[in-house]
Amino acid sequence: DFLPFICDGCSGVFCLQHRSRDAHGCSEVNIRNNSVKPDQHRSYPCSYKDCNGKELLPVLCPYCEKHFCLRHRHQSDHECEKLDAPKPRMAATQQLVQHIIDSKKSEEAKSKKRKGAKNSETAAKVALMKLKMHACGDKSLPQTERIYFQVFLPKGNKEKSKPMFFCSKWSIGKAVDFAASLANLKNDNNKSTSQKLRLCHTASGEALPFEHTLETWLSDKDYPLYNGGTIILEYLDNDVLFIEDTESYFS
């Protein structure tokens with residue numbers, strides 16, 4: 001042969017007869033043939049009931065760890081056994097609405113209470129100026145210790161109410177005795193009788209405990225007494241702790 005032939009696979013030099021790869025058993029061809037593996041494609045069938053779908057790539061549910069097709073890949077789509085049952089939407093909505101209503105009612109009640117207390121305080125300030133002109137009391141008391149009330153007297157008394165002033169440091173018991181003497185009322189509080197003369201709150205109707213001081217009730221958070229406000233003086237049985245109908249004293 002006149003010209004050598006170089007194999008472009010293994011770079012060997014061959015004659016005309018052996019120039020082809022098959023003719024000289026090219027090593028490069030054998031390597032490539034050995035590296036080619038038969039097609040081993042695998043399919044992944046869907047685990048959802050009655051579904052015949054398959055995927056070439058695995059589609060795993062991260063919760064139940066089963067294979068599914070793209071159509072059933074979500075928990076809700078394949079009824080995943082690890083899926084938490086959601087609360088009924090209607091029940092949750094009703095619960096939320098009820099919570100909002102209760103909150104509003106609570107806020108309205110608080111608002112009315114604050115507004116009522118504010119109105120009582122304002123009215124007391126206006127009335128205080130008039131009370132100072134006409135109220136009866138111990139004139140030896142320092143002005144800084146005086147507290148003024150329009151005292152509503154027991155039902156059936158000829159006089160409906162009387163303006164009075166007391167010492168803020170007095171106990172409720174001493175204030176009752178002093179008011180009884182100013183209004184000429186029978187007072188048997190020092191005797192074991194069936195009824196006692198009591199000072200009662202005009203807003204709550206509560207009979208104020210004898211051992212408390214007027215000063216304590218002036219600073220009460222829920223139902224304070226106001227300087228210039230009103231208070232009720234009434235005979236109550238020993239087992240009665242409050243007056244039910246306080247409005248009847250003002251009508």
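**Cysteines**

I started with Cys167, and I asked: is it buried or exposed? In this predicted model, Cys167 has 5% relative accessibility, so I put it down as buried, the cut-off being under 20%. Next I checked Cys200, which comes out at 0% relative accessibility and therefore counts as buried too.

How many disulfides does the structure hold? I found zero.

**The largest core**

I then looked up the nonpolar cores. The largest has 30 residues. I noted the residues with the most contacts inside this core: Phe149, Val151, Phe166, Leu214 and Leu233. Which elements give two or more residues to it? My list reads α3 (89-134), β5 (146-152), β6 (161-167), α4 (172-182), β7, α5 and β8 (229-237). Of these, α4 gives the most, with six residues.

I picked Val151 and went through its contacts, skipping neighbours within four places in sequence.

**Pro209**

Last, I turned to Pro209. Where is it? I found Pro209 in the loop between β7 (195-200) and α5 (214-218). Its contacts, again leaving out neighbours within four places in sequence, are Ile172, Arg198 and Trp217. I also checked Pro209 against Leu199: they are ten residues apart in sequence, and their C-alpha atoms are 8.5 Å apart in space.

Key
Residues are numbered from 1 along each chain as its sequence is written. This is a predicted model: local features need pLDDT of at least 70, side-chain atom pairs count only at pLDDT 80 or more; totals for chains, interfaces and linings use all residues. Side-chain values use heavy atoms; hydrogens and water are left out. Helices (H or I, at least four residues) and strands (E, at least two) are DSSP runs, numbered from the N terminus. Contact means heavy atoms within 4.5 Å. A nonpolar core is a set of buried Ala, Val, Leu, Ile, Met, Phe, Trp, Tyr and Cys residues joined through side-chain atoms within 4.5 Å. Buried means under 20% relative accessible area, exposed over 50%, partly exposed in between (1.4 Å probe, protein chains only). A disulfide is a pair of cysteine sulfur atoms within 2.5 Å.
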